[in-house]
Amino acid sequence: MSERSLTFQVKGKAFQEGYLFLSPDMQALFPFKEELSSVTFVDEDEVVHSAIFHRARGYMVCLTFGEWWERHQLKEGDLLGIELVDLANRQYRLRHLKPEAEPASDPDGEVRLSFRPTADFPLTYSPSNLEVLRKLITGEYSPFAETGLVLKGEEMNTAPTAEDDLLALKTCFGVSTYEHQLQTVRTVFDRMNGRALLADEVGLGKTIEAGLALKEYLLRGMVKRVLILTPASLITQWQQELKTKFDLNFKSHQEINDWEGSDLVIASLDTAKSQKNQKAVQKIPYDLLIIDEAHKLKNKKTQNWKFVNSIKTKYLLMLTATPIQNDLIELFNLISILKPGLLSTQQKFKTDFLANRDKRIPKNSLKLRQMLSEIMIRHRRSDTLIKFPQRFVHTESIALNDDEARLYEELTEFIRRRYFTLPTQNNPRGINRLTLILLQKLMGSSTQALERALAKMINSNFYKDDFDHSLRKLLDMARNTKLSRKAEVMLELVGKVDSKVIIFTQFRGTQDFLHDLLKKRGYSISIFNGQLSQQEKDACIEKFRHENQILISTESGGEGRNLQFCKVLINYDLPWNPMRIEQRIGRIHRLGQTEDVHIINLNAKDTIESYVLELLDRKINLFRLIIGELEMILGNLHSKKTLEQIIIDIVTLSPNREAMKRKFLSLGNKLEKALKTHQDITQAQEEIFHDDE
């Protein structure tokens, strides 16, 4: 080993699973002082691999080492080389040097494996602990550094949990745990025998609590088969968090061929209960079942409730911030799955606890609270010592310049005129209602994005007659608009900020326009969108974290990426779907953020986007809501259509601007009522679950 390079031999399954264990000599090549350090490796094909170096534990974690292993067809005993390229940027070269002979098999047939995960002591496996070895080899415990804890867990099994004796804490990386979360896990083990309703308020990290409990059960050898049921939209986020924070490889239902043969599975409730999968899931005796968004099981008469209640499982964790929404019976139904009979029969529950004046507020609340303490854990923000950073919201209402205003009016009138002459989907002319709505949204983002889309449509030759004429007229107007005032304001804002900035937009056309505009002015920029591969996305975020000042991201950056190292977010355009806006904010304003954050909204006066912004900001205080509250409020609209679909109807069904304003006003009144209902529900839950006397 030299000062700038090292070679090592591949032994065991660790590297293939994404772990590189470093001897003290090898660690000298990574002289970083932080507990966790981001490192990049560039291989022979110039593919970038992002890794995390754990200084105290002496190992490197990289989720793409396995891909490199397969691409180079590595095998036991092959020689690999690492060379330091740029210490300041923490960049290294990774190379496959030459294979060495396969290790000879043990003539006595004895399975024996030795390695040194840190500088502390070597661990040896022999036939006396083959069960632990089997779990390591099959990937149930992938990092070898956990082995001592696995052995300890096998011995502890169901022993009571001492305050400092949660094994999971010593194996989870990238997780900042809080006392209320540790308290929850200990309570699940010590008092609730693994069956609990985790009902912390929104934003307190119920997913982390469930992940810690899950990891603890696995380390203690108490659990092997685990099923997680979550909304389809959250499957990827759950998978990523379990892998990166808890080192658990869960497969989604799309990645498995056989439910029976898969031990760690995550699926949507709808998929699991489908006719194709229902019987297979019901047949398996699970050790642990985790249900996210458990309030969807509030009605005992639904297929959701009946299906979950039919799943065989020893341990069960149900997660929801709103165990009661409309009626105390919803709470009874949830508890009936967890611990049937705890609240007696439904009729007796009604007699004992339901008050006539309000179905959400009980009589005998003290008695009910005592009964719930056996099965439910709930923390409020005020119960914790967590200091949540403030969120400051700044809205820049900008007048369109004359060229933009004329283009906006021309496009809006064209869409209003043509919307009902077109089918909802396919059209031989190549245009449909969805296309018209897209054009309206593009105009709300930037004339550059609209210009790109119009040019593409015209060049496709699908549009004839008056469509062709109208589109060409709109394209000509778009090409002749000068730089928008919104872009000028964005440049002024970025020039005043001396920290990292995320700029969100819905469209690639706007993203490219902003990139060119900012690049010309000398800013260092990262571009994030759905066209990037997973490796490119990881590299993009790392470069933004360590080098570039600005990240310009489309909506794909609003999902599953935590960017708490940034504190300024600019919404260059605003989606009509408020859940998208909340996802954007949630990337920087969440647990783990240490500084106050600033959300800057740019919108043009007297446009559809300005009406949507007024609805969301003034009527339901969107930009001041806790992440997760919005979905609860919108659920109180009791509409079969999403809010975005309602907005589209208003835009397209209104004969003129005044009619559109009246309909937006009516929708605003409904949203205010939905917010009031949410506040009433929150107050009711306070009275049931907390005694502040």
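Predicted model: local features only at pLDDT ≥ 70, side-chain atom pairs only at ≥ 80, totals over all residues.
Helix 7 (residues 235-246) buries Ile235, Trp238, Gln239, Glu241, Leu242, Lys243, Lys245 and Phe246, where buried means under 20% relative accessible area, exposed over 50% and partly exposed in between (1.4 Å probe, protein chains only). Helices here are DSSP runs of H or I with at least four residues, strands are runs of E with at least two, and both are numbered from the N terminus. The cover over the buried residues of helix 7 includes helix 6, strand 11 (226-230), strand 12 (251-252), strand 13 (264-268), strand 14 (286-291) and strand 15 (313-319), with contact taken as heavy atoms within 4.5 Å. The length of helix 7 checks out too: its 12 residues should span 16 Å at 1.5 Å a residue, and its end C-alpha atoms are 16 Å apart, which agrees. The expected span is 1.5 Å times one less than the number of residues.

Residues are numbered from 1 along each chain as its sequence is written, and side-chain values use heavy atoms, with hydrogens and water left out.

As for the whole protein, there are 25 helices and 22 strands, and 54% of the 693 residues count as buried. Of the contacts between residues at least 6 apart in sequence, 71% join residues at least 24 apart.

Helix 6 (residues 206-219) also packs against helix 5 (residues 179-190): their axes come within 9 Å and cross at roughly 45 degrees. That makes helix 5 oblique to helix 6; angles under 35 degrees count as roughly parallel, over 145 as roughly antiparallel, 65 to 115 as roughly perpendicular and the rest as oblique. Axes are lines fitted to C-alpha atoms, for helices over the stretch in contact, and angles run from 0 to 180 degrees between N-to-C directions. The crossing of helix 5 and helix 6 is right-handed, i.e. the near helix is turned clockwise from the far one by less than a right angle, with anticlockwise being left-handed. On the helix 5 side sit His180, Gln181, Leu182, Thr184, Val185, Val188 and Phe189, which meet Ile208, Glu209, Leu212, Ala213, Glu216 and Tyr217 in helix 6. By class, this contact has eight nonpolar, three polar and two charged residues.

A second pair, helix 22 (residues 608-619) and helix 25 (residues 657-689), has axes that come within 9 Å and cross at roughly 20 degrees. Helix 22 and helix 25 are therefore roughly parallel to each other, and their crossing is right-handed. Nine nonpolar, two polar and four charged residues make up the contact of helix 22 with helix 25.

Helix 18 (residues 485-496) has 12 residues that should span 16 Å, and its end C-alpha atoms are 17 Å apart, which agrees. Lys486, Ala487, Val489, Met490, Leu491, Leu493 and Val494 are buried in helix 18.

Arg90, in the loop between strand 6 (79-86) and strand 7 (91-96), has a positive phi of about 55 degrees although it is not a glycine; Arg90 is buried, at 18% relative accessible area. Ser344, in the loop between helix 11 (328-338) and helix 12 (346-353), has a positive phi near 65 degrees and is partly exposed at 35%.

Definitions and conventions:
Nonpolar A, V, L, I, M, F, W, Y, C, P; charged D, E, K, R; others polar.
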